[in-house]
Amino acid sequence: MAVLRYSVIRYMPDPRREECINIGVIVVADDGTFVEAAFTTNWQRVQCFGQEDLSFLKEFASLLRYRIQQHQDSLFSSALLGTEALTKMAEGWHNSIQFTPPRASIAPDPRKLLEQLFSTYILEERPTRRKAVQSKKLSPWHSTVSKKR
């Protein structure tokens with residue numbers, strides 16, 4: 001069984017402020033037998049955080065998934081498929097897209113690990129809108145305060 005390593009992919013709109021939001025997770029096997037990434041589908045949340053056009057992030061996510069699937073680029077060529085490539089990305093990407101340093105896992109199933117990591121690090125819930133309470137009655141507390149004046 002190969003040792004698995006993972007990294008959280010983060011979006012940092014202004015690297016000087018060091019505020020970030022997790023947008024994806026990537027898992028690789030040390031022996032190069034597995035590499036897969038999963039990205040958020042809740043881009044509205046990311047948009048609210050970054051306050052800028054996110055087309056470059058969506059494009060990055062699509063390109064990385066495509067290249068992982070094809071295994072035909074320098075980012076994940078067969079020679080670099082695994083921990084080495086992930087470590088280089090974590091060390092070298094310091095702008096709006098960043099990778100956390102790779103962490104090890106001995107989980108037996110890499111796909112299940114990816115699912116678990118995704119549910120841990122990526123918030124996919126969309127907030128529900130609450131209906132405004134429109135009541136003409138004032139709270140009992142408000143009535144008490146008003147009477148004392």
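## Ser96 and its neighbours

Ser96 touches Arg10, Tyr11, Met12, Pro13, Pro15 and Phe56, leaving aside residues up to four places away in sequence; contact means heavy atoms within 4.5 Å. You will find Ser96 in the loop between α3 (83–92) and β4 (97–99). Helices (H or I, at least four residues) and strands (E, at least two) are DSSP runs, numbered from the N terminus. Ser96 counts as buried because its relative accessibility is 18%; buried is under 20% relative accessible area, exposed over 50%, and partly exposed in between (1.4 Å probe, protein chains only).

This is a predicted model, where local features need pLDDT of at least 70 and side-chain atom pairs count only at pLDDT 80 or more, while totals for chains, interfaces and linings use all residues. Residues are numbered from 1 along each chain as its sequence is written, and side-chain values use heavy atoms, with hydrogens and water left out.

Let's turn to a helix. The 12 residues of α4 (residues 110–121) should span 16 Å at 1.5 Å a residue, and the end C-alpha atoms are 16 Å apart, which agrees; the expected span is 1.5 Å times one less than the number of residues.

Which residues of α4 are buried? They are Pro110, Leu113, Leu114, Leu117 and Phe118. These cover an arc of only 135° around the axis, so they sit on the same side of α4; the arc is that of the directions from the helix axis to the C-beta atoms. The buried residues pack against β1, β2, β3 (35–39) and β5 (103–105), whereas Lys112, Glu115, Ser119 and Thr120 are exposed on the other side.
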